[in-house]
Amino acid sequence: MFSLLMHGRIHSVDVLNAFYVHITTKNKLYRLSDDMVYIPLDIISKTYGNQRIDIEGTDEKLISYSKWVFIDDISRLWLVKVNQLLEDEKAKIPSFHSCVRQLGNLIGTKFKVDHLEKTDFFSYLNIYWQTLANVHIDQQLVELLIHHDTHTAISLNDWQAYLGAPEESNSTTVKNEYITFDRLNKTTQDLQDEVADIEDSVSKDKAHKNVLKDIRRALMGSRRKIKEQLEALINIYDASSEQGLILWMLDLNAINKAASTLSRYLTEVGEAFLYGTRNEDITGYQVHQYEFLYDTIIAKKNTLNIGYTQTVFNSLHQSLKKHLGAPHVHLQRENDPKMVSSSLISVDLYKYILRSVSNQTALSSYNRSMMKVVFILLYRTGLRINELLGIRLTDIEYDTYNYNDINLIIRSNSHRALKSDDGTRRINLLVLLKLEEFQIFQAYFIERTRNKKEGKYLFALEGLSTPLDRSSVDRVFKEVIGPHYQHLVLHSFRHNALSNMAVILRCRQEVLDIFTDYTEEEAQRIKDDLLGRMRTTSGHHWDALMEFAGHADLDTTFSSYIHTVDIISAHLLDQAYMELPVDVVTKLTNKARRSFNQHNPQALDFETNSVDLTKIRKFINRELSIETLNNSKQYFSTSNIEDESIDISPVFGKYARWQIEELLIQIEEGKTVSEAAQHHFVYEDAVALYNRALLLAADENGKPDYKLISKYKQPKSGHILIVPTLPTIVKEQQLVQESFTKLEELYLDQSTKEHVQRMLSIFYKKANSSHSDLRFKFNEKQVFYDYLDIAIKILPARYWRINISSYRMKRVTKPKKGELKYQKIMNVERELEIMKEFKADYRQLSKNLANNDHYSGYSLSVINPKESEIVNSTNNKASHASSSLMKYVMHLLLIVDMSFELDR
């Protein structure tokens, strides 16, 4: 512990405690490069983090930030010694509190577990680091190492995804329709007509859905068009709550809020606000009514985001006061913890994206070139997407003779404003782009300058002057990166570029090679450009990086974007020349002194009788349990570009589950089959899926059939409900995914596939939306057992509840007043006999039995996974709470399994 504190690897008691737990539980260490060894830790925080952690048994969440503790040369020796001691089963491990007390005794400072940071010990570390030979660490890094609470490293999950090796695939198809202006150029009259058509086709009580859709459509234009289209909507929607939302959007647009901000605000509270007010006239609302409305909506929000929701409500209520005369309402804004993303984009993934775009034959040559340039600039420059898409041709400085010296000038214009004046900056493309990338940009830029009649923006829709919008780029990006990288967003490019730039400015080539494909010469050119030739050895690295990012202060740069600080600081401190007496090293490692020079002839200095620890790092690493995370894991489709094969799921065919769900959801929301199918489906396949879903959802007359979908579920449009109801609890959704994984395995074998289809047939006959369980009479024992045998292969046995009850109904001849005409006569003897028989047949389900008298026979249901009894049942009674997750699985399977003949 002392060594890690001394060498800047640990900064707080929380990190120290996490390290203690990691080491004493014999968890692994990881290797970053040949001799850099680290421990990835997640540190719980109330104010800052990059991950949310579920609290078991509740809907609450904790947040944590990631910290990579790199092992310095002296700590490496101590770890060898500690591991040797831990191998002794009789050895007693001291408690964490005891370790901290002993640490205080060693240093001569009174350390306490609850306020380690309040000691003066950290104040003097900076002086010690400056005395280390060959170490050049600046004051900004010193501050980060001592006060680490607002910086996060890359989470282990993000790092594993980063190292995933993309495998070539052409299974995705990006079409020109993905890059379209959609409704941007529609006139106000067109919008009015379109909304009127929708109003004619949808009943009045569903109109709230339409106003949200129409507001979102209006937000897709320029600032002037947004104003025109929103004003047109005022004349269409007359409900006060609907007008309040539209007027709110107009107010935000008038103060130059970005369209993306308006859309986020609308998503946060719009639908809940309309649902809460329904068709009431809110112009007569009093203070307590508004407070009840807002509190009800906020209560359903994630506790980590309450402050944001209250901020949005404050903005909405200001508009309601201004236009509708709403009374003043005090909304207490809570302090939200700051959440940041630590997801980066690897060189391999970046190159895969470029290749994938190049191979999209359905895209026009212009669109392919444009999208490649967009992704090149996002990856290399770290520009915000709106900054990039707002670049005009006049914002580019270039050599008019040969187009070799090209600079981007990032500044505000009428299309988009920068976040602050500090965002104004110059980007040198000749330095940042590699040669082949620069040539791609050069060719595209020359073509654009020759066709200025097609608009003044660098990125415009083909043949038009309309600037490219963010949603088009996002759709292409999500399509080409593959299913395992859907957690990435366009802003991940910025996190990656700034984290990489920090490494370029402060690290040697061996660390640089982990993150970028720049050569040593290219990296030096970038440093010279950012710092100037005379500043490369000064302490102004971080000011230059802040200017490159377009930030007003360094806190934003480090707290939100730089996820490589732990690596940079460890790399700089590892340059220190560290030596110890050979006797100390041999005692800690239990190695003979000659072994050090056998490993490296320069390790042991016989004159001073000391060991150079930097020379034996690899040798000592062999004594530790170290794992190397490599890029052997494949995150992309296993199909091959050359043979043009496509992965076929035995359950879902050539489409992904999410694509099928999205198709049905869009149809349910009012789109035609052709509109919903245009991005992912062959039209005939989409029609087949739709007809199958409709067959399950409607009766022979086309009216809703409430067999599988509850009659209390509200339609999203004039179309009847056809989408299976997906459970909302995260654990249920995980079990759904695991169930489909099992089903895909079962479908590979014809006999088990037929068994599943028998199960489907039974499910369809027995399913009823009024109750979550399937019910079997006692004389259907064989059918019940047949169903149960395959059910526990799909979902583990511990999640199933079996209810066995036996009774008969007896008519009461002369019922008294208030007495039921029928009474249950329990047959306890028969019930016990059947339960005994069942336990003998299914011992693994014996703890999952219940005997509630809601049905005489067998009834089968899924236990809600939130119930604590599901894993460790101490009594012999299963939990009462049920889950509908298996109903969702079976319903979706009925839709996608076309080989199963549906018997209505």
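**Close-up 1. Glutamate 837 and lysine 781 meet through their side chains in a salt bridge of 3.0 Å, N to O.** A salt bridge here is a side-chain nitrogen of Lys or Arg within 4 Å of a carboxyl oxygen of Asp or Glu. The model is predicted, so local features need pLDDT of at least 70 and side-chain atom pairs count only at pLDDT 80 or more, while totals for chains, interfaces and linings use all residues. Residues are numbered from 1 along each chain as its sequence is written, and side-chain values use heavy atoms, with hydrogens and water left out. Because glutamate 837 lies in helix α36 (residues 828–841) and lysine 781 in helix α35 (residues 781–794), the pair ties together parts that are 56 residues apart in sequence; helices are DSSP runs of H or I with at least four residues, and strands are runs of E with at least two, numbered from the N terminus.

**Close-up 2. Aspartate 395 forms a salt bridge with arginine 411, their closest N and O atoms being 2.8 Å apart.** Aspartate 395 lies in the loop between α17 (385–389) and β7 (396–398), and arginine 411 in the loop between β8 (406–410) and β9 (425–428), so the pair ties together parts that are 16 residues apart in sequence. Aspartate 395 counts as buried at 4% relative accessibility, whereas arginine 411 is partly exposed, with a relative accessible area of 34%; buried means under 20% relative accessible area, exposed over 50%, and partly exposed in between, with a 1.4 Å probe and protein chains only.

**Close-up 3. Arginine 384 and glutamate 387 meet in a salt bridge of 2.5 Å, N to O.** Both arginine 384 and glutamate 387 are buried.
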